[in-house]
Amino acid sequence: MPPFTRSSSTLQSSVEGDGIGVDAEWSFMTVVQLKAQLKERGLPVSGVKSVLIERLDSMTTTTTTSKYFAKQPSSPADVATKTKGKTAVKTPTKRKSPTKSKSPGKSPGKSPGRSPRRVRIEPGTLKPPANWEKIYSLVEELRADRSAPVDTDGGEALPEKHFGEVVYRFQVLTALMLSSQTKDAVVGETMRILQGHGLTVENIHQTDPETLNGLIRKVGFHNNKTKYIKQSAEMILTQYNGDIPPNADELMKLPGVGPKMAYIVENIAFDTASGIGVDTHMHRMFNDLKWVTSKTPEQTREQLEGWLPRDKWASINYIWVGFGQEVQQQKEKMLRKCVASSSPREALGLVKKLGLDVKKEAKRFGLEDDVKSVM
């Protein structure tokens, strides 16, 4: 058997039965294969050879591979033979991680924890709540005097009609854009300032942003509203021939105009109700009444449209927003109206359900006897 010869990185060998053939590359030999070659040579087991065999013996007991030699690629040589009389040592194989069992009832391809897509509620597909008509009629009665803040400073009351329909419609849109996150009294004051300035689409388009921002500075988020009003004026002049978009879908293309605003503008400006405008106060009240079970005003709108007759869509916002204002802001007046209504007991129970502390406020305004007489 020829002695070892080494040139650069190749160890020339002739090993029979080791599974790798002749001219095996040094870098591809396993520890077991290298040890077998060393022991089969006819050289004395001493010196460097002896030390190397000892190290190989200690390494093979742990079935690891020397850091100086790469692992043998998958092949029949993964199992190498030790010296005669010793058992063969298998090269360790990589353990496969256990496969996680799928939870029963889950569809393949869906992310865990993801809620199913919500199905849109179509108008007229829900069952109306019990006794809703009686409550609705009672609220209409309580709102018959039109004495809430929305009646004097809302989007229907503020626009100037004597300048023509086109100007009137633009002012309706402007009033609604100003109303977000702003009390009606502040909207009314700001609208009158703009009307003094000249509230037409052409004049607002020509007004520089700094001046417009100063004119509306008292409303909430006036910086954003200045930008939205200016951009809307540009779109109205260039895309809609100087008039506001004619329906809710087109109105929602204007910056800062969402579904609530679009449906209210459509109703006031064009006497059309393709949807219900729902604000945060209506959202809260209808959840308190259990007429809807929703988390957002948009969900409330969809559920209301699911059961409320279409002939109520145009009036529901105006009636209920004003009713909510009186319950929250004009408690004495609301208590007096409830006591004087056709159904005082039901009226007081209704406002109590909507957050008015009847007993406390009756005592505060000296109406205890009046309330007790109808309860």
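A polar contact here is a pair of N or O atoms within 3.5 Å; within protein, one must be able to donate a hydrogen and the other to accept it, and residues adjacent in sequence count only if both atoms are side-chain atoms. Asp-279 gives us one at the N-terminal end of α12, which Asp-279 caps: a side-chain oxygen lies 3.2 Å from the backbone nitrogen of His-281.

Keep in mind that this is a predicted model, where local features need pLDDT of at least 70, side-chain atom pairs count only at pLDDT 80 or more, and totals for chains, interfaces and linings use all residues. Residues are numbered from 1 along each chain as its sequence is written, and side-chain values use heavy atoms, with hydrogens and water left out.

Here are the helices that come up (H or I runs in DSSP, at least four residues, numbered from the N terminus).

| Helix | Residues |
|---|---|
| α5 | 165-179 |
| α6 | 184-197 |
| α9 | 222-239 |
| α12 | 280-288 |

Back to α12: Met-282, His-283, Met-285, Phe-286 and Asn-287 are buried (under 20% relative accessible area, 1.4 Å probe, protein chains only). The buried residues of α12 pack against α13 (297-307) and α14 (316-329), with contact meaning heavy atoms within 4.5 Å. After α12 comes Lys-290, with a positive phi near 65°.

Over in α9 sits Ser-232. Ser-232 is buried too, at a relative accessible area of 1%. Leaving aside residues up to four places away in sequence, Ser-232 touches Met-177, Leu-254 and Pro-255.

How values were computed: Buried < 20%, exposed > 50% of the residue type's maximum accessible area, 1.4 Å probe, protein only. Helix = DSSP H or I, 4+ residues; strand = E, 2+ residues; numbered from the N terminus. Axes fitted to C-alpha atoms, helices over the stretch in contact; angles between N-to-C directions.
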